[in-house]
Amino acid sequence: MFSKKLQDAFNEQMKNEFFSAYLYLAIAGYFQAEDLPGIASWMRVQALEELTHGEKFFNFIAEAGARTDIRGFESPQNEYKSPADAFAFSLKHENFVTDSINKLMDLAKSEGNHAAQIFLQWFVTEQVEEEASFGLIVRKLERIGKDGNGLLRLDEELGARVFVPPATGA
């Protein structure tokens, strides 16, 4: 079902998803150290989401009869100049993930792999949500600027987020 090229690309994307989880855990640590537990919690929820994304890739690769290849990665960035810097960095990372998902979809289309395209469609839609979510927080932080009260209100708001596993299988 998978060409060698598509199998390799899927395994690389699985690595990217697991790296994203580590990145968001590292950013959660930054926010925890900055006494912003709500934003740290939001990032931990994001890390859990990314772990489930990696697992979705793992399961799909295996169910498609291909070989999973767990790959290592460099340590994520742990320090940021400000909360705004951390979220701008995160948004840039989500832009990278979107680009890699889109390239993976293009490859699946070029190979006529319909199952891979259907699987990837969920991720294409998910990335619209991810970029919108991070983008909104970036814009809120721009409005807040140096206002400590605004940052504390955002911390409280983001702390209300809870992890909800994706409804789709695989």
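## Basis of the model

Helices (H or I, at least four residues) are DSSP runs, numbered from the N terminus. The model is predicted: local features need pLDDT of at least 70, side-chain atom pairs count only at pLDDT 80 or more, and totals for chains, interfaces and linings use all residues. Residues are numbered from 1 along each chain as its sequence is written, and side-chain values use heavy atoms, with hydrogens and water left out.

## Salt bridges

The structure contains seven salt bridges, each defined as a side-chain nitrogen of Lys or Arg within 4 Å of a carboxyl oxygen of Asp or Glu. One of them joins K15 to E12 (2.7 Å, N to O). These two residues lie three apart in helix α1 and are therefore separated by about one helical turn. K15 is buried, with a relative accessible area of 19%, whereas E12 is partly exposed at 28%; buried means under 20% relative accessible area, exposed over 50%, and partly exposed in between (1.4 Å probe, protein chains only).

R71 and D69 also form a salt bridge (2.9 Å, N to O). A network of salt bridges links D8, E12, K15, D69 and R71.

A salt bridge of 2.9 Å, N to O, connects E49 with R161. This pair links distant parts of the chain, with E49 in helix α2 and R161 in the segment after α5 (148-158), 112 residues apart. E49 counts as buried, at 13% relative accessibility.

E126, in helix α4 (residues 114-144), touches E49 and H53, not counting residues up to four places away in sequence; contact means heavy atoms within 4.5 Å. E126 is buried yet has no salt bridge, and R161, the nearest side chain of opposite charge, is 6.7 Å away.

Terms used: Lys and Arg count as positive and Asp and Glu as negative; His and the chain ends are not counted.
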